[in-house]
Amino acid sequence: MIGIIGAMAVEVDGLIEAMEEKTPETISRMTFWRGTLGGAACVVAQCGAGKVNAAVCAQTMILRFGAEIVINTGVAGGVGSRDVRIGDLVVASAVVQHDYDTTPIDGDKGRDLPLLGVSAIETDDRVSGLLAACAKETYGGGVHRGVIATGDQFISGRDRLHEIAARTGAIACEMEGGSIGQACALAGVPFAVLRAISDNADDNAVDDFPKFAAESARKSIALLLEALPRL
Ligand code: ADE
């Protein structure tokens, strides 16, 4: 069973439309659609923005629906690299939570996540490799593999984005991947994060996001639909 999570309707509706033999079930105010996509057994849900909802959704997919892989799809802000442009695809090599910080009491260890003891959680190499390979074959634009930074903030300013990029090495930022990764790592379930860039997390992000989010979200969905039969 493959779990697929998106925060916004536009990030999952195309998948739910494409799903066959689907049945809905609502848990914790989230609707989980179980069915098949390209022949693969999947459960798809819209979790809403932010780390807590995303972790609740991932945990539910694992414990109630038996997800053996969780994939997070959607859009992200491009961070710290001029090469990562609006419309490009990013496959996470690892996820970090840029807003997790207990350094005032824990010093250098204050970025490490509880029970996991690391600040960066690696994504599943096989699934991420397959998504990146599929993207390179089928997508005409830029395809990148790198760290994605997650936090409960929409990043829309150069100072903040440069600070996040310098500290985490991230090439993109969003609001769910890191907590989905944390829930999956705690449960020992492989996960991947696939995002299409909707803005550059800079001073123009507030204008760019509404302009490009829907189109970019559709790119991420299209790639996922190509890749699913191969997973
Ligand atoms: N998702 C898409 N763009 C984003 C941004 N700039 N900050 C956080 N999440 C995002």
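Reader: Is Cys 134 buried or exposed, and what is its relative accessible area?
Author: Buried means under 20% relative accessible area, exposed over 50%, and partly exposed in between, with a 1.4 Å probe and protein chains only. Cys 134 falls in the buried class, because its relative accessible area is 0%.

Reader: On what basis are such values given, and what kind of model is this?
Author: Residues are numbered from 1 along each chain as its sequence is written, and side-chain values use heavy atoms, with hydrogens and water left out. Local features need pLDDT of at least 70, side-chain atom pairs count only at pLDDT 80 or more, and totals for chains, interfaces and linings use all residues, since this is a predicted model.

Reader: How many disulfides does the structure hold?
Author: A disulfide is a pair of cysteine sulfur atoms within 2.5 Å. The count for this structure is zero. Cys 134 is in no disulfide, the nearest cysteine sulfur, that of Cys 42, being 14 Å away.

Reader: Which cysteine holds the sulfur closest to that of Cys 184, and how far away is it?
Author: Cys 184 is buried, with a relative accessible area of 0%. Its closest cysteine sulfur is too far for a bond, and it belongs to Cys 57, at 10 Å.

Reader: How many salt bridges does the structure hold?
Author: Side chains of opposite charge can pair when their charged atoms come close. A salt bridge is a side-chain nitrogen of Lys or Arg within 4 Å of a carboxyl oxygen of Asp or Glu. The total in this structure is 11.

Reader: How many residues apart in sequence are the parts that Glu 11 and Arg 195 tie together?
Author: Glu 11 forms a salt bridge with Arg 195, with 4.0 Å between the closest N and O atoms. Helices (H or I, at least four residues) and strands (E, at least two) are DSSP runs, numbered from the N terminus. Glu 11 lies in helix H1 (residues 9-18) and Arg 195 in strand S10 (residues 191-199), so the parts tied together are separated in sequence by 184 residues.
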